[in-house]
Amino acid sequence: MAEAFAPAKVNLFLHVGAPAADGYHPICSLMVFADVGDRLDARPAEAFSLRVRGPFGAGLGGSEDNLVMRAARALAAEATRPALAFTLDKQLPVASGLGGGSSDAGAALRLLRDALAPDLPDARLEAVAAALGADGAACLWGRPVLAEGRGERLSAAPALPLMDAVLVNAGAAVSTPEVYRRLDASAAFGDVAPPPMPDAFEDVHEVAGWLATQRNDLEAAAVAVSPEVGAVLATLRDEPEALIARVSGSGGTCFALCDDDIAAESLAERLESLAPGWWVRRCRLGGPWD
């Protein structure tokens, strides 16, 4: 058996432009990855299959539509051995803005190459990952990147410190298409040219200060679609440990950067007491973790 970690993706900022003629929105986003996420294991089998377990396993649709299975089918013709049976331990909320499905697919692609097609080049994996969704290319390797275009054009992120943070989800799944419909209706599009940024950030305070000059252009639409997201965001912004709080991706989950592990632990414990129904995870942001 082999296994791979599928880390949560966090958009430190997310700038979204007006849709092109094909309906897709150009983006510019600085993405990092958390040391919390899903786990995927794989065993040799005669046919591809997927079993899902974990606290959020029931929230997934049919296995044939899962991005893990789509990744498997995309590489099936290039496999030198029969197939793999996957087991996904779903620890991340579904439709949460954390790129869980894309990260699961990235883990599957890495396992598929190692087990069935060891000579497959990185470029082939990257092309398949990009075709699976906007976060696919970035989530394949799980390292900090600046993503542009539809998310498939990746460049190296500035050097970042490991950052202590807290992830919070109120339990409401947020539809990405609906968030984009709200954005389109508002026409509140942003500039997607990469913002000026240093080659390296010294510490989390410098990161938070710089992020305060950036934005998530989907944040207002996400709050409009799900008031629960707005409640989480308002709560985090009132907490003393939060250097900055923001929605990740198209919503569902918010994050707060904290000064250190002690501050993150204090914030997480207080939020768990304040709102026992919320999903709260203290983590570190950076990557890769596997």
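Arg-270 is partly exposed, with a relative accessible area of 32%, in this predicted model. Its salt-bridge partner is Glu-239, and the closest N and O atoms are 2.7 Å apart. Glu-239 sits in the loop between helix 8 (227-238) and strand 8 (244-247) while Arg-270 belongs to helix 9, so the pair ties together parts that are 31 residues apart in sequence. On the Glu-239 side the relative accessible area is 16%, under the 20% limit, so this residue counts as buried.

Side chains of opposite charge can pair when their charged atoms come close. The count here comes to 16 salt bridges, and three of them are set out below.

| Glu-3 | Arg-39 | 3.5 Å |

The Glu-3 and Arg-39 salt bridge links distant parts of the chain, with Glu-3 in strand 1 (residues 2-16) and Arg-39 in strand 2 (residues 27-45), 36 residues apart. Glu-3 is partly exposed at 48% relative accessible area, and Arg-39 is partly exposed at 36%.

For the Asp-122 pair, Asp-122 is partly exposed at 38% relative accessibility, whereas Arg-113 is buried at 15%.

Now for charges in a patch: Glu-202, Asp-203, Glu-206, Asp-259 and Asp-260 form a negative surface patch. Among them, Asp-260 lies in the loop between strand 9 (253-257) and helix 9 (261-274), and its 30% relative accessibility makes it partly exposed.

Notes
Residues numbered from 1 in each chain as written. Predicted model: local features only at pLDDT ≥ 70, side-chain atom pairs only at ≥ 80, totals over all residues. Heavy atoms only, no water. Patch = residues over 30% accessible without salt bridge, like charges linked within 9 Å, V, L, I, M, F, W, Y side chains within 5 Å. Areas by Shrake-Rupley, 256 points an atom, 1.4 Å probe, with all protein chains shown as cover. Salt bridge = Lys/Arg side-chain N within 4 Å of Asp/Glu carboxyl O. Lys, Arg positive; Asp, Glu negative; His and termini not counted. Charge placed at Lys NZ, Arg CZ, Asp CG, Glu CD. Helix = DSSP H or I, 4+ residues; strand = E, 2+ residues; numbered from the N terminus. Buried < 20%, exposed > 50% of the residue type's maximum accessible area, 1.4 Å probe, protein only.
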